[in-house]
Amino acid sequence: MNKRKHLKRHLMLIKFNFSFTVFVVFIIMSYAGYVINSSSVFAKNNIISSIRYLNYKSISAQAKVNQAQVKNEASTSIPVLVYHGFASKSKPESEYSIDLKKFEDQMISLKKSGYRTVTLEDLKRFNNENASLPEKSFLLTFDDGRQDMYYNADPLLRALNYNAVIFDITEKNDAGSNYYLSKDELKRMTKSKRWDVEAHAYKGHGDIEIDANGKKGHFFSNKQWLKDQNRAETTDEYTARIKDELTHVKNDLESTLNTPVTTFAYPYGDYGQESLNFPEAKQLLPNIVKEYFPLSFYQYASGAFSYNYAGERNALIKRIIVDSKWSGENLLSELAKGHSKQIPYSSNTFDQSQGWVSSWGNLNFDNRIMKIESGKDSAGSSVFLDGSKSWKNYSFSSTVNWEKGSDLSVLSNYLDDNNYLSFNLTQSSVRLVLKNMGEQKILKEIKRELDVPKDNLSLGIRSIDGKTSLFIGDKLVLEYENSEYKDLYGGVGFKIWDKQINNASMQIKSIKIVKDSDQNVVVVDPTKIKSLPYKINSFNQDLGWTKTWGTLRYNQEAMILESTGDGTGASSYLQGSENWQEYSYQTKLDWSKGSNVILMARYLDEKNYVSFNISDQYLRIEQRVDDQTEILKEIKNELNMPKYGLDVKIDVVGNKIVCYFQNSPIFDFIGINSKFNKGAIGFKIWDQAPANAKIIINEVLVDPL
Amino acid sequence: MIDNSIYHTKEYGIFSNIFFKFILIFTGVIAFTSVILLKATTVDQYWRDPYLVVYTVLVTTFELSRVFGAMFYNYSYKKMLKQKKSFDPNGIFEPTVSFVIPCKNEEKSIGKTIEKCFESHYPKEKLEVIVINDGSTDKTEEVLRQMKLRHESLVVENWSVNKGKRHAMATGFKLAKGEIIVQLDSDSYIVPSTFRHLIEPFAHPEIGAVCAHADPENAGKNWLTKMQSAYYFMSFRILKAAESSFMLVFCCSGCSSAYRKDIVLPILDTWLGEKFLGLPVTWGDDRSLTNWVLKLGYNTVYTSNARAYTICPERLRQFIKQQVRWKKGWFVNSIFASKFIYRREPFIAFTYFFPLIAVTLITPFMAFKAFVYNPVFLNIPPYLYMAGVFLVAIIITLYYRHVSRRHKYWPYVFVWSAINMVFLSFILFYALFTIQNRKWGTR
């Protein structure tokens, strides 16, 4: 007897319903798990990314670009930054893993100060065709194709409207990896238009055995040791192996992404220069790579210009490794060092931040003087100014102290250590030397015993359209012209050398680069730098007062400033007071003629200064920025104005200016332009009619505040 | 009439109930989504540890399947009652019933138990109460003598030496005259007004045993009894109910179950003489008896309509001893049942019975891995594991609340889960190590 026949059918239905329910739950759970981990929009990482994006969006909405820092100029050079990935709990911060907070700080700082990313296409055009890019452009790149990189960086880049390039290791693009990106993720990145996926390696991102002892070396730059045949591979085999690798990575990416892949980043930035057993790799490898990838990237090693310059047609693009420890502020100042500098350029104080780069020996800054010297193992030392590479047709003058060493050189048209023009000075000769592709060529030499001071030696080199002139002091010592060299360009630098090890050093005290070929080479004489407090009531022409307009003359220990000829005014400033910062500037003068007497403080040049403008009708605090005068404060002049014995004073502290008349404060203003953080003192006079302005200055007294 | 009072929520207003159900559903959706998210984080590790991922997904499905099973309980039970009508069209089914109560040293509670039996809403002439005094050394015999005076029909069998619960039960079964035998623990009783519901299913000829819903009477005593109260409710109203959906309750609990006598009598001597590893089995008698009923081809059900009260251990030591005994009983009887269940009910065997054994045996290892191995050797904290257990507890609790809004000890489901996670699952191994210790050892 089947005892269960009655319940059986009823139970069948329940079993079916139950199984169905459980099955559905199981499927939902498994499938949802799969979906969440896949690369769809609902994937966990993407949901987190979206939330972060919204968060960043609100942050970056507040963080407006500081328009004041953006000039709408074209850029002649561009930095390329390289990152790898992000630190996390399981990955401590390291050279290759930056803390997300740091990265946020860096990117937001870049954004705020007006930096914008360019695409790889932009960079290619910039490199090949000299196409212009906006000021403060940069290219952002990430190596290795790590997941943490993408999911951490993407929301921020999206919010900041930045894009980036990743260099991917295609061997690692398995769906199962939770360290490297999968093909699906790469596709999504490409689709977002924010990311450009390019080649890094297939399996070549690592070491191979390079000798019988099992020594390891980089895959790309070394010949592999063939164990079974007990020999190193031949050059042909090497070439075949590299070609195979490059074909593989190119095909992998092109088939995954359906778009041509034309750039490549050398693993470890080693394009052959770090080869251990195949020195020729340095020439051979880039040539092989070029067949597959017209443009390739490596990490910038120190001793070269850090930016890439327009129209250079380089196959190798330099990248700046962003230090994981840098704050946003640090990154900005690092970039500022390499940023293209403009002519005229002058400096009589030197420090780290200006972008002086040592390419040999030691470089240090002491008391605002730059010093280069040979080290324990070097015969000499050299330095160049980063950001000066695109300079062309200029005069470069400098004041140096020649301390030790047989050869002192002033370098111009400097591209790198193998390409520059040099004003070479020894005890017995003056030479003009051209170094081209590492070959040294003496263009012209004058042999004679030099009688020059070793200290405060003023040297100048002017190279314009193939015509080069060398100066010592004001004296032209050598001239050379060859139209073959009229396309030379490049930056400035110094070099000191002695045949004996560790016996060369020089100090650089001031430099000035000017464009105008006719202008006299004027160098700020460091001996004329004035110190505070400064008091003078007996004037003569040797004090450093310099007229920039009109006439300056001296009479019975007084200084007279007057407009002459067709001039409607006159002005002068005190040379050597350029670095004064916070001071009280007081003067006693007689106002003989003219409608305006203007006392200038924080004078940078004729177009930039702060002033106290006195006329019969009004009193004004003004600032002149890039030749535009701005009235900061104005009151009607109700003072009893004596024409003789005027006592006028300006205090400048921080961004505050206070004006005094006859020793009583008239008015003040807070918030003068931040560019006026230091500057010289000076006078200016003006009148509608030509030659109708004159003051007699009896005393100048400047006290530090 | 079905008395569903503890499950009905009539004392709450209709809007209160709608709101309450809404909250339950809402929390349920969140909990289920969280389970999915949690599983997703493990699916993430699929390529590193595929077995673990498959295991965790399967285990979670299995645990949730108990809740889904329980959801079919009412439907299944009502279907069975409806079918019953074809055998008992006029509803006149009223068999004679014998209570069999083995007891030892129960002078305090035996009186009340007997009293409640006689109070059952059932014709007195069809009731019989048999008490086996299994060598009590206290005043039990005295109490029984007095009860005999009050209820003439009370059958008392006094033994001067203790022979064990099984023997007492067997003797009672043999003495019983009723068609249905209700087996009670000496400290349990069935709520008289719900008694009929325990007998009702037997009208269906394929039902061999019925298990009443039991709650601890001393639930409010302390945290341990509160936790057990939650556990009882969960294990009866959810786990047993889920088994009952398929009419295959594997353990008609010893404290309050009814058997059809003509099924039990023939196997009584075999049951009595059961041995495991050469020694007589002294625990899991209820499980074993239920298994025999199943083996003989009958179905077993749980009914939430018949309600029983029992006393649960109030001290940790007793509680652990009881748990150890139950685990031993579970283990021995699982071996027994596994020999026939896959032939009788392959569906249940492979979707429930064997998976349960596997999960019960693997869980302690997984708990060990999560709490000791992973943190110490792999530096992986056990949060995910704990979250998984916690989420399953939430889903169980939500269903618990859905079934009975009034049952107030539901928060202790989490206490149970926590203790089970770090401690109780390991008791199985203690039980297995000491399986040759056949002492009864609670009271």
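Let's start in chain A, where seven strands make an open sheet in the order E20-E23-E32-E25-E26-E27-E28, with antiparallel pairing. Strands here are DSSP runs of E with at least two residues, helices are runs of H or I with at least four, and both are numbered from the N terminus; two strands pair if DSSP finds at least two bridges between them. Strands E20 (356-360) and E28 (439-447) of chain A stand at the edges with a single partner strand each, so one side of each has no neighbour in the sheet. From one strand to the next, the twist averages 20°, with axes taken as lines fitted to C-alpha atoms (for helices over the stretch in contact) and angles running from 0 to 180 degrees between N-to-C directions.

A word on what you're looking at: this is a predicted model, where local features need pLDDT of at least 70 and side-chain atom pairs count only at pLDDT 80 or more, while totals for chains, interfaces and linings use all residues. Residues are numbered from 1 along each chain as its sequence is written, chains are lettered from A and ligands numbered from 1 in the order in which they are written, and side-chain values use heavy atoms, leaving out hydrogens and water.

Elsewhere in chain A, strand E30 (residues 467-472) holds A:Ser469. A:Ser469 counts as buried because its relative accessibility is 2% (buried is under 20% relative accessible area, exposed over 50%, partly exposed in between, with a 1.4 Å probe and protein chains only). Beyond neighbours within four places in sequence, A:Ser469 has contacts (heavy atoms within 4.5 Å) that include A:Ile461, A:Arg462 and A:Leu478.

Now for the interface. Here 40 residues of chain B touch 28 residues of chain A, and the two chains bury about 3100 Å² between them, 71% of it on carbon and sulfur atoms. That buried area is the accessible area (1.4 Å probe) lost when two parts are put together, summed over both. B:Phe72, B:Glu206 and B:Phe246 supply 17% of what chain B buries against chain A, more than any other three residues.

A:Lys15, in helix H1 (residues 5-37) of chain A, is in contact with B:Phe246, B:Glu345 and B:Phe347. At 13% relative accessibility, A:Lys15 counts as buried. Its side chain meets that of B:Glu345 in a salt bridge at 2.9 Å, N to O (the rule wants a Lys or Arg side-chain nitrogen within 4 Å of an Asp or Glu carboxyl oxygen).
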